[in-house]
Amino acid sequence: MNFFFFHLMPWPNLAPPREFLAEHEAAWVTLSNAEYDPVAGQDLYRRYLDELVYAEELGFDGLVVNEHHQNAYGLMPSPNLVAAALTQRTERAKICVLGNAVTLYNPPTRVAEEMAMLDVMSGGRLIAGLVVGGGPEYYSYNVNPTEARPRFKEALDLVVKAWTTPGPFAYDGDYYHLPYVNPWPRPLQQPHPPVWIPGLGSPSTIEFCADKGFGYMGVAYYAPPETFGRQAQAYHAAVAAAGRPYDPELLGWLTTIYVAETDDRAVEEAAPHMAYFQANLAAGFVGAGKVWMPPGYIDPPALVQFLDDLRAQAEGPRPSDPREAMAARSPLVGSPETVRQRLADYVKRHKIGTVLGLLQFGSLPADLTARSMRLYAEEVIPYVRKEADEHFAREGLMRP
Amino acid sequence: MTVDVAARLDRSTLDVGGAEVTVARGGEGDPLLYLHGLCGDVHSSFPGTDWTPFLGRLGANFDVVAPALPGYNGSAGPAGFDDVEDYVFHLADLLEVLDIESVCLVGHSFGAWMAAELALRRPDLVEAMVLLSPLGVRVRGLAVPPFFGAVAPRGIGGFAEARQLLFADPEGEAARRALPDDMGREHQLLWFGGLQGAARLGWAAPHFQSPVLTRRLRRIDVPTLVVRGGADRLVPDQMAEVWVRSMPEAQLHEVPGVGHCLPAERPEVAADVEGFLGEFHGGLP
């Protein structure tokens, strides 16, 4: 069982949700970067890097960074820079870059090069996340979204070949034509670093991961936990169909987590920062406002379904009790007892071997983040690790 | 004159070089090929009907052939197509399948761009051409509203921004009919599917502006009328000027108070289209 610490590095200083949404259509693409204060930004990068380093001290198995462009949601347009810093400040934890949006790099061999550097610099600790990139980023980078999926598959193929085929070799695809592929350095891990792909539940992504033996990391911040449950079932079926042995570590759950002494205290402390995350920062691809989903990024029927789901969530009934409301969307907010119970049940039920916990979310400040991280690491992880490992061993699902 | 063209409408699916094409056809007279626009037009964002008041008027004097462009209304593009060249040969193939030797060509918006590309490569197919609020020319440094950003959907709240960009009267009947805030499922599929088809060619930077076409405009010597809505907020008037300045046989007609979706907002413009085509094409009553 793997416990990873996931950071988005959000900008925490926007106006509170109601005020913000009255003024702005989204936190993506068009939110002016005049809102970003580089002076405050210095302290923020320092703080966020410290939190990643602290996660290793606390015994997390891995540290996760990711790529976003031109928004307040995530301040890592180049997660590789942050990962490079982590190679020098940590010793043991895996460094998971989840991921590089390969279609935004031309040629994508740049990704093969930088990730090989990270793997060598970290002593073989890299987990390579390769992603298609978010819908809003196709606006920000002006890449044709109708080509997103085939371009992504070709770029991924090129990156893996660049790691595994002795160079120089020629690559002749539909989108990329390179007479000399020969990146120095090569990765330390052989045949190549593990590849993990995050997704929102698209069947084709799930099947692709199962088929290739890549990790599938389901993003579940924006939907009730049952939504991820359906993704997990689809992944189990896809692995069986691909004829591979099931490895729980390759199924990941990306979820928000907050732990405090009691359930009431946890909900009360997390609620405003969770609201900032879901209402301010995610505005732009979820929520009631503008949805930066470019044409062709997903098929029209999938887009219609996506919008229907958004409307149902925005207009549907909400539990009036704050604890129930929180549990419906973010079940891992509570006392150590509550979180360990829910998490253990959930990972066993869905055979999840990797939990990528977003323990800093929205505007959650440093002190609350550190306390929650410590409680989670000391009072939740050891219990769930033991219970899940024993369960997977009984089920014959442990890695050889 | 009232013409019950809907009664004579024929909607069919043709196989054009292995690609399915939905074609709406109606009216009487010599053939007129109509290439629809991005919005508020036959095949684009009017669900459940293939006919529009604008085409109804043209149908009084012409045999109007209105194919759905690739991505729209069930039309597939040619296999693997990714450039204007494929698109144009696809249209030429369609005329051959229909056994039409030459046509009057009318295009709106994105369809006008494709019409010009066809006239550039196959002038033998085109007797005269009308371009309604055409996209396609490149004017460097000109501020053009970002179409794909404006039409991005909203979780709640409908399509006001898109209507604002595409119609002179964003709350008028034509705008509300093309882009209602409570757009139903079939309508959404039509709208998003069309955008996907248009993005395939139109997304390339800068959106809907072809530097290649622009430098070749002087080679299009088909008699051409460029019609511009005076309140077109998507296409700046400098672009209309580039068309008529560059094309030796082009003239400009401006219709005041109308937005980008000209045929939907002012179907009466059909009279100007007929008037112009009649000058170059015999047989009008």
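**Cavities, pocket and local features of the predicted model**

The largest cavity is lined by Tyr139(A), Met293(A), Pro294(A), Pro295(A), Leu303(A), Phe148(B), Val151(B), Ala152(B), Pro153(B), Phe192(B) and Leu195(B). Its space amounts to about 60 Å³, and three cavities of 30 Å³ or more are counted. Cavities and pockets were located on a 1 Å grid over the protein atoms alone: a cavity is a set of points where a 1.4 Å probe fits but cannot get out, a pocket is an open set with protein on both sides within 12 Å along at least five of seven lines, and lining residues have an atom within 4 Å of a point. Grid points are joined across faces, edges and corners, and volumes are the space filled by probe spheres set on the points. The model is predicted; local features need pLDDT of at least 70 and side-chain atom pairs count only at pLDDT 80 or more, whereas totals for chains, interfaces and linings use all residues. Residues are numbered from 1 along each chain as its sequence is written, chains are lettered from A and ligands numbered from 1 in the order in which they are written, and side-chain values use heavy atoms, with hydrogens and water left out.

The second largest pocket has a volume of about 820 Å³. Of the 28 residues that line this pocket, Gln278(A), Gln313(A), Ala314(A), Arg318(A) and Arg329(A) lie nearest its centre. Two or more lining residues are given by each of α1 (17–23), α9 (263–281), α10 (300–315) and α11 (322–329) of chain A; the largest share, six residues, comes from α9(A). Helices (H or I, at least four residues) and strands (E, at least two) are DSSP runs, numbered from the N terminus.

Over all chains, 30 salt bridges are found, each defined as a side-chain nitrogen of Lys or Arg within 4 Å of a carboxyl oxygen of Asp or Glu. One of these is formed by Arg154(B) with Glu25(A), the closest N and O atoms being 3.5 Å apart. Arg154(B) lies in the loop between α4 (147–150) and α5 (160–166) of chain B and Glu25(A) in the loop between α1 and α2 (38–57) of chain A, so the pair joins two chains.

Backbone features were identified in chain A. A cis peptide bond joins Trp184(A) and Pro185(A), with omega about 0 degrees; Pro185(A) is placed in the loop between β6 (177–181) and β7 (195–199) of chain A. Another cis peptide bond, between Gln190(A) and Pro191(A), also has omega of about 0 degrees, and Pro191(A) lies in the loop between β6 and β7 of chain A.
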